[in-house]
Amino acid sequence: MTDPATLDVTIVDGYVDEPAHFGVPPYISTYPRYVAGALVDAGVPRDQITYHTIDALRDDRGRWQDVDEADLMVYVGGMTVPGKYVGGTPAEPDEVRELAWTAGGTTLMGGPVRFGVGDANEGATETERDDLDYDFVAKGDVEAAVYDLVHGGMEGFGNRMRDNEEITRWAQQGAFVIEQHPNHPDYLICEMETSRGCPYRCSFCTEPLYGADPSFRTPDSVVGEVDALSNHGARHFRLGRQADILAYGGDGEAPNPDALRELYGGIRDVAPNLGTLHLDNMNPITIVKWPEKSREGIRIIAEHNTPGDTAAFGLESADPLVQAENNLNVSAEECLRAVRIVNEEGGWRPGGDRSDAPQFGDGAPNRLPKLLPGINLVHGLKGERAETFEHNRQFLQDVYDEGLLLRRVNIRQVMAFEGTEMAETGAEIAHDHKKQFKQYKREVREEIDNPMLQRLAPPGTVLEDVHLEYHQDGKTFGRQLGTYPLLVGIPGERDLGTTLDVAVTDHGYRSVTGLPYPLDVNSASMNELAAIPGLGKQRAGNIVVDRPFDAVPDIDGIGAFVTVDRPGSAD
């Protein structure tokens, strides 16, 4: 029997991405925090727990000493949806094996990696279970495995799922570990769990493997975790770990506005100065079945959240045949109805008339709307045919033609995991349709994404607190913290790791270009002034020649981008 108080433990975060869980920076998932809390609860002193991200280990090989010398090394990671990432790069299988080979003590692996490992983190892939040379693999919850292993003297554990009472303790006890994240405190958003499990059985999704009936944490439990994280410097939170935020605190399907009011109000009470409060998943079938209760719930969310929030809708396919063969629970017509309701209740912009949502065009305030739907589409599902692509394209066109707003459209190819119905079909259909998928995706970006983005964030829209991340082609790129933030390109190479407000000047398919907001007309560069929509190089040159100004020049459109810092006079 090993005394927990004598253990040195290293947690390595290889990052996770699940249908209801983000963990690639700037996000930190629940897994490393819960593991740290379980270790403390089992008797390991906090100062003997070390946390590293996989990127931190790549950047500094000296950190691998903590992996080598730990009595217990816990790896958490796994991708069950494909994605492209800016803030970090998920661990590849060979790196996960290297961690096991380097570790001098006991090794334990857990998280969604338990569902399977592919050759790469991408769509149109099949996965298989692989222990990657670890001593132990948690087939249940990794945090429960850690607690049982350590509390039991390092002699083994059962593959069990933890309960909500344990998570209430572990979430608060493990909050300290965020201070060891490289992005702490300013560029880190904490993923928050409100529930696990799903009553629906979509063929490809791993979420039902967590439980047939959703298991909800109480508002006090979630709010207590936010309070603990806030005490360790967290200011940004995303309620992303649930299948359907509207169903929170109810029977698993019907909305419970009172529970949402207690949850969101409680978070605002304990973190009044938070910078971000966003969510992720909202089931459109809930809105269709219970429209009035859903409207009330959406109004509560939009009252308490921060702008630019996204309610991701799992339409998955607008093709009736694919819907039937994959147990998809909402039709294209029903999803359009749900898109309409979220626009009406959450599509207002700060400073605007809430009864006039969705707001865009002339006279709309220059901030992002509070809450909009996002659409998830998955390709390679059973029954997919050539007509499927046109069904999906037509649905998106219908949304646009009706004058509605979408925050984003997420198009991906399926990953097939053991335990889901897609395991038998695998990635065969996705491979067969790869060429058509690429063409269709390009058409959606050109015909839907770009005009929708211009409607969502027209020139002059102000994006606050854009974090500058990297340089490319003479520009600086950054994002706000939040759910599916827009990538922003800014002329010139500016100091990375800093933040600034940006006014949008132009649009790509899923990104925008912008200028620091507001520009000082007396000190702005020629290139910055020329980038103001409608100004051009000649008039920008005239402004430079005529400086300094005591007031903003009387030029159409310039007032949305510039201000005047009056030059000081000599004594």
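Me: How does helix α1 lie on the strands, and at what angle to β9 does it run?

Reply: Angles here run from 0 to 180 degrees between N-to-C directions, with axes as lines fitted to C-alpha atoms, for helices over the stretch in contact. Helices (H or I, at least four residues) and strands (E, at least two) are DSSP runs, numbered from the N terminus. Contact means heavy atoms within 4.5 Å. Helix α1 (residues 30-42) lies across β3 and β9, at about 75° to β9. On that sheet α8 packs too, touching β12 (236-241) and β13, and its direction makes about 160° with that of β13.

Me: What should I know about the source of the coordinates and the numbering?

Reply: This is a predicted model, where local features need pLDDT of at least 70 and side-chain atom pairs count only at pLDDT 80 or more, while totals for chains, interfaces and linings use all residues. Residues are numbered from 1 along each chain as its sequence is written, and side-chain values use heavy atoms, with hydrogens and water left out.

Me: In what order do the strands of the open sheet run, and which stand at the edges?

Reply: Two strands pair if DSSP finds at least two bridges between them. The open sheet of four strands goes β3-β9-β12-β13, with parallel pairing. β3 (27-28) and β13 are the edges: each has a single partner strand, so one side of each lacks a neighbour in the sheet. β3 and β9 (residues 189-193) pair over two bridges, with Ile28 having Cys190 as its bridge partner.

Me: Which residues of α7 are buried, and what covers them?

Reply: Buried means under 20% relative accessible area, exposed over 50%, and partly exposed in between (1.4 Å probe, protein chains only). In α7 (residues 219-231), the buried ones include Val222, Val223, Val226 and Leu229. Their cover includes α1, α6 (164-173), β9, β12 and α8. After α7 comes Gly233, with a positive phi near 100°.

Me: Which residues touch the most other members of the largest nonpolar core?

Reply: A nonpolar core is a set of buried Ala, Val, Leu, Ile, Met, Phe, Trp, Tyr and Cys residues joined through side-chain atoms within 4.5 Å. The largest has 110 residues, and Leu39, Phe237, Met282, Phe313, Ile375 and Phe395 touch the most other members. Apart from it lies another core of 20 residues, among them Ile54 and Tyr75.

Me: How do β18, β19 and β20 pair?

Reply: β18 (residues 462-472) and β19 are antiparallel over five bridges, with Tyr470 partnered by Phe477. Two residues separate the strands of this hairpin, where Asp473 takes a positive phi near 55°. β19 also pairs with β20 (residues 487-491), antiparallel over four bridges, and Thr476 has Ile490 as its bridge partner. Four of the five residues of β19 (residues 475-479) are buried.

How values were computed:
Expected span 1.5 Å × (residues − 1).
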